[in-house]
Amino acid sequence: MEESISIKAPAAALKQRSFIFDNLRGLAIWCIPISHFTMVGGGFSHASLGGIVYITINVFVMQLFMFLSGFFSKKVDRARETAFKTFMLPYLLFTLVFYIFRYFYFGGANLDFLKPPFALWFLFAVFFYRFYLKDLVKIKHLLAISVGIYLITGLLPVDTDYFALGRAISYFPFFLMGYYCTSERLKTIQRLKKWQCIPLLALLLGVSYVLAYYVKVPVNFYLLKTTAADVGITWYMDILMRAVVLILAVLWTILLLNLMPDKKNYLTYVGITTMPIYIFHLFIRYVVEQKGFPSPDWITYYLWVFGSASLCVIVFSSPPIAKIYDKVLDLLYQGWVKLKKKMLYDEAPETVK
């Protein structure tokens, strides 16, 4: 998810945006609650429609968000300057908020800011990507190095929960792909005709079918957050499947860059209000995990999955919710700036105006 854009942004500013990127973000954020509800709704099985949906989404959706975030981080000084307000501040706030929610809803919870809870890992990881990007890009062959490390991340003898290390390392190559992707390269990628995209789409969906029904790799592998030993697969299978996911993520990104219209529509609006959707649908996810969906038959079950996910997108992207989110973060950031200035003044009053 890129920076949250205020609902009060002038029309002229919105016209300057490339609608294709907003539409991509809109589609991607719609997929996230679908993925979560598919898994926790109570009717999930690996070799099923749910398995196909879950695997399809999780081989490209966060990779796409990372690619887009990297693409819009080319101004490295600006990326560092905005990293705290856009990513770390909401991470700190909602880690505490979700702790309180879990404590009262489930009757107990642990609070550890060094172990990002559930989907908040994204905020934690992108903060570090953007804050340190200015220094990291000085490393020669950084992208190649990051891909090499990505392939062996499942073998590292570390606790991948701390600092969201498993995911932070695994998704970094996709962030760099976006950073190094120039406008000229993007135009080259977008040369596919619509009819040429059809066989690629069929191929990718076919691969998802094979992975769901014939490749016995636990679906939590596709989150790329832990080690081969933790998910119960061999080290060589982990490396092979990471290579498969890398290829699939790249192909899905190319496909969507060619299929997504560069016209303003409802996805455009959703795409500029991704953060409230990403954060607030997690409350619903906890409820769904505990209560489940009605499942008298598979049609009813998936109507609940897709309907609930769509309702989350519609409600949490609405102007009142988005305005509240922006207002709260703005107030917290202003308070942080004032506190920081006061601390600097107390230390050296002559250097602070």
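Modeller: The side chains of R285 and E289 form a salt bridge, with an N to O distance of 2.7 Å. Both residues belong to helix 15 (residues 274-291), and because they are 4 residues apart, about one helical turn separates them. R285 counts as buried, at 10% relative accessibility, whereas E289 is partly exposed, with a relative accessible area of 42%.

The structure holds 8 salt bridges. Another of them joins E81 to R78, with the closest N and O atoms 3.4 Å apart. E81 is exposed at 54% relative accessibility, and R78 is partly exposed at 43%.

A further salt bridge pairs D159 with K115, whose closest N and O atoms are 3.9 Å apart. This pair links distant parts of the chain, 44 residues apart: D159 sits in the loop between helix 7 (142-152) and helix 8 (165-170), and K115 in the loop between helix 5 and helix 6. D159 is partly exposed, with a relative accessible area of 38%, and K115 is also partly exposed, at 31%.

The loop between helix 5 (76-106) and helix 6 (121-136) also holds F113. F113 is partly exposed, with a relative accessible area of 32%. Together with L92, L96, I100, Y103, F104 and L111, F113 forms a nonpolar surface patch of about 650 Å² accessible area.

Confidence should be kept in view. The protein chain averages a pLDDT of 91, and 92% of the residues score at least 70. Helix 9 (residues 172-180) has the highest confidence, at 98, and helix 1 (residues 11-15) the lowest, at a mean of 46. Over residues 4-15 pLDDT stays under 50, and the model has 17 contacts beyond four places in sequence for that stretch. Where pLDDT is low, the predicted coordinates should not be read in detail.

Notes. Residues are numbered from 1 along each chain as its sequence is written. This is a predicted model: local features need pLDDT of at least 70, side-chain atom pairs count only at pLDDT 80 or more; totals for chains, interfaces and linings use all residues. Side-chain values use heavy atoms; hydrogens and water are left out. Patches are made of residues with over 30% relative accessible area and no salt bridge: like charges are joined within 9 Å, nonpolar side chains (Val, Leu, Ile, Met, Phe, Trp, Tyr) within 5 Å. Accessible areas come from the Shrake-Rupley method with a 1.4 Å probe; for residues, only the protein chains shown count as cover. A salt bridge is a side-chain nitrogen of Lys or Arg within 4 Å of a carboxyl oxygen of Asp or Glu. Helices (H or I, at least four residues) and strands (E, at least two) are DSSP runs, numbered from the N terminus. Buried means under 20% relative accessible area, exposed over 50%, partly exposed in between (1.4 Å probe, protein chains only). pLDDT is the predictor's confidence in each residue, from 0 to 100. Contact means heavy atoms within 4.5 Å.
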